[in-house]
Structure formats: C-alpha cells, structure tokens
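Subject: Structure for you to look at

Hello,

Here is the structure I said I would pass on. Please open it and keep it beside you while you read the notes below.

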Amino acid sequence: MGGLAEERVRAAVEGLVARDVTLIDAVLAGDEPINALHIEVDERCFRLLALHQPMATDLRAIVAAVKINTDLERVGDLAVNIAEAARRYAGHPPVKKLVDIPMMGTIAQAMLRDALDAFVRRDTTLARQVLNEDDRLDELKTRVFRELLTYMMQAPTAVEPALDLILVSRHLERIGDHATNIAEDVIFMVSALDVRHHSPGPEA
Amino acid sequence: MTHQVSSPTRFTTGLSVRDGRDPALNQAPKAVKIDVEHLSFFYGVKRALEDISLQIQANLVTAFIGPSGCGKSTFLRTLNRMNDIIPGARIEGHVRIDGLDAYASGVDVVKLRRKVGMVFQKSNPFPKTIFENVAYGLRINGLAASKSELAGRVEESLKQAALWGEVKDRLHESALAMSGGQQQRLCIARALAIRPDIILMDEPASALDPIATQRIEELVYDLKQAYTIVIVTHNMQQAARISDHTAFFWLGRLVEYDRTDKIFTNPSEKLTEDYVTGRFG
C-alpha cells in the first residue's frame, strides 16, 4: 500500500512536469487499489483487536497500523488532487520551468519511503530523520508561493496556471505531513514515546 | 423463544463472508459433525436447557460462552452422555453424532465416549506413571495388539498433545509430579490416545497460568486439523482467540450462534452484545 502511494505521487508529479496527459489520467483513474487496501487493512486490524487482545508492543503496532493506513489513503487522494491540477495546468502554456516542485516531489517521496522503511524495520533513527526533512519541504513551499506570486502580478493570464502550481506545492507539503505522522507513529510503536506536536521525548 | 440462529439455512449463509482467520471458512461449509435438535435437559423438575438446536461442524473449534449457570457445561456433557449418571436427569430432543442418534436405545455409551472424548477443567491424571496414563485407555479397550504398538500410540498421543519433548525421558515417573499445565496436556494426550473424532473440553485452561494457557490454546488450534473440538470457557477472550464459531448461552437458552468474529464484533442479539461488552455476567 505504501509502495502504491509512493508510486502515485511520483507519477502525478512526473505527469505535471512532462505535461504527459496519459500519465496524469492514469493517476486520476487509479485510486481504487489503495482504497481497497485501506478497507482491508482496517478490517484486519479491527479483527485482531477484537479477537486477540493485543498488549504492549503488539497493541501499539496495531494502533500504529490503523493510523498509518489512514495517512496512506490520504496520500493516495492527494496524488489524485495533484493529477487534477496537473490536468488543468497542461491546458495552459507553462508559466515557468518547474524546478522547486519536482524537488518537493522527490523529497516527499523520499520521506514516505523512509517512514515506511522505518515502520517495517522498526527503526526510530530513520523515523527521526523523516521528521527533520519536513522543514525543507515547508521552506520550499513558501519559496514556490513567493515566486509564483511575482509571476501572477506580472501577467493576469498566468494567474490560473500559477494557482494550480501553488495547489500542487501545497499538496506535496501535505504529503510530507502525512509522512511525518507515519514517522511519529513508528516512534510511538517502537519506543512508546509520543513525539507529536513538538514534544521531543527523552531520546531527542 | 425460537432460535433462528441455529437454523441451518441462516447459519450457512453467514459462512460465505470473508474471514481472515481460517481460509477454510471461506470455502463451502464443512460437514455437520454434531446435530442437536430441540434438546431440553432436566435436573428433576428443573429445566436446565430449553429447546436447543444447533449444528457443530467438523474440524472447527466451537466455543460455548455464557455466565455461570447458563447451561453451557450441561449442554457440553449431553454430547457424550456424561449427564446420564446424574440421578433424575432427563433429556428431550435429539443429539446426532455423524447422523446417529446418541440417545437411541441400544447405543453403547462406552463406544460413544470413545468417539467423543472429554477433557475436564481440573486436570485429573491417574496416580500412575505418565506412560500408563496414556496407555490405560488403549489397554482397557484392547486397542493395541502389541507392546510396541502400545508404545507407538502413547508416543504419538504425547506428540499430538505437544508434551513428548518434555516427558520423553521420564515416561515412567509419576504423572502427579508434573506441572498443572503438563498434567492438563497429559489429559489431552490420554483423550487423544483412543483416537476420538470429537474432543469436548470443559474449561481446559481455567486453572492454568497464562503461559500454560497459551500452550493449550496453540494445541487446540493444531488439533482441529484432525478433530472436531467443542470447548466451554468462562474466558470470553479465550473463545475469541481460538474458536471459529461461538455459541452464547443464557439461562439455559441458546441466544446466538455464529462465526466467532461476528459474535465479538457485531453480534445480532442485544443480550450477546451486553455480555461480550461486559455489561452483565
């Protein structure tokens, strides 16, 4: 499921940059497998909780899985949102050469991948790296905002496509937030430390 | 009170739902091993079980749950006629094992119990050696033709009961020197030795610590490949963990009988819901 979500983010950003409508449409049409897994994972966790009374590490792992499941499903939805913006953007002349947005895409994907690897390997060090990456994504988003604002002020025709790019950067930033949530859940699962909302925990 | 839950049509439709636990449940329903029809049971004038109908399927674990005095143990004991010896006890209705009426005149009760073995709450090994405990049933039933066959079947039974590794070097020591959990597994081995089809277990783990309980539960899971297991338990969580089907009894009535995951996640009856959520009992 994590692999699917990652791949869809990659395809949506590539479709935007390459103005590849076929690729974009594939992302738009392809949310179903993730949605099916979303339901299946929830059902399995539900059953495990009901029938096996998991405790301690097992309990934290299942609760983490339920939350990560929701995050991944949202990432799948955000990939669709990016593809929708990309579809509209492809109908306009390009505003500029895209530099920061592909970079944001790369970072968001890497964060997702690392967060999921951390989950699988129960690796809190890697999870904490993911938390640090989120700041880079936020900075890039702010930069994209500012830069596109200048384009919009210069040419009213650029407003619509530039707004779509701003939306894409916002979606990518949100994907980073979901990766951050996953990393926080991994830390909680492994060491029972709640590091959300900037409570760093004794290890930090 | 009528028990729709026990009607075969409704019950088999429930089995078509996906199940993550036992792939076998996703397939066609298994053969009916025990078919109980309109069973009532009386201790003198007191009716302890009221008009119970249900079908227990082969090679599954079926759990009976319910508060104390709900009749679940009484019901279990009707399945191999363990209640016969109680003065004034009387039954109405039918219990069919593989299609044969267990209460028909002319039924050999000893044969019936050979087919339907039983394990009790309190482990009750004979005051003999470990080997003799398992060999006893084989000897009195004349089930082993030679010494080597006897030894082979004792070993096989102890292995099936996941006890062989722990006792193989002290087979001729007293069974009473074993731990409680080992004694209980010995009783299971003793029940298995005569190769029954069905094993009835009445609170088999209630006197054991959590580790020994887990071993019994794992054993139950393994044994269902070859046996049909019916287990009475006070411990709802245990029923949830190990059984495929669960029957909930209350005041001598069968309230609900369904797949275990259904009973514990979305029971059909309010009484069942109240019981599994701990609101009474």
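The model is predicted, so local features need pLDDT of at least 70 and side-chain atom pairs count only at pLDDT 80 or more, while totals for chains, interfaces and linings use all residues. Residues are numbered from 1 along each chain as its sequence is written, chains are lettered from A and ligands numbered from 1 in the order in which they are written, and side-chain values use heavy atoms, leaving out hydrogens and water.

Cores first. A nonpolar core is a set of buried Ala, Val, Leu, Ile, Met, Phe, Trp, Tyr and Cys residues joined through side-chain atoms within 4.5 Å; buried means under 20% relative accessible area, with exposed over 50% and partly exposed in between (1.4 Å probe, protein chains only). The largest one has 56 residues, and Leu16(A), Leu112(A), Leu165(A), Leu172(A) and Ile175(A) have the most contacts inside it. Two or more residues each come from α1 (2-18), α2 (21-29), α4 (56-89), α5 (100-121), α6 (124-154) and α7 (159-191) of chain A. Helices here are DSSP runs (H or I, at least four residues), numbered from the N terminus. Leaving aside residues up to four places away in sequence, Ile175(A) touches Val9(A), Val75(A), Leu78(A), Ile82(A), Ala108(A) and Leu112(A), where contact means heavy atoms within 4.5 Å. A separate core of 49 residues includes Ala63(B), Val167(B), Ala189(B) and Val220(B).

Next, Asn69(A), which sits in helix α4 of chain A. Asn69(A) counts as buried because its relative accessibility is 2%. Its contacts, again not counting residues up to four places away in sequence, are Met1(A), Leu37(A), His38(A), Val41(A) and Asp42(A).

Then the helix pairs. Axes are lines fitted to C-alpha atoms, for helices over the stretch in contact, and angles run from 0 to 180 degrees between N-to-C directions. The axes of α2(A) and α4(A) come within 9 Å and cross at roughly 145°. On the α2(A) side the contact is made by Val21(A), Ile24(A), Asp25(A), Val27(A) and Leu28(A), and on the α4(A) side by Ala79(A), Val80(A), Ala83(A), Glu84(A), Ala86(A) and Arg87(A).

In chain B, the axes of α5 (residues 130-140) and α8 (residues 180-193) come within 8 Å and cross at roughly 25°. The two therefore count as roughly parallel (angles under 35 degrees; over 145 is roughly antiparallel, 65 to 115 roughly perpendicular and the rest oblique). Ile130(B), Asn133(B), Val134(B) and Leu138(B) of α5(B) meet Leu186(B), Ala189(B), Arg190(B) and Ala193(B) of α8(B).

Regards
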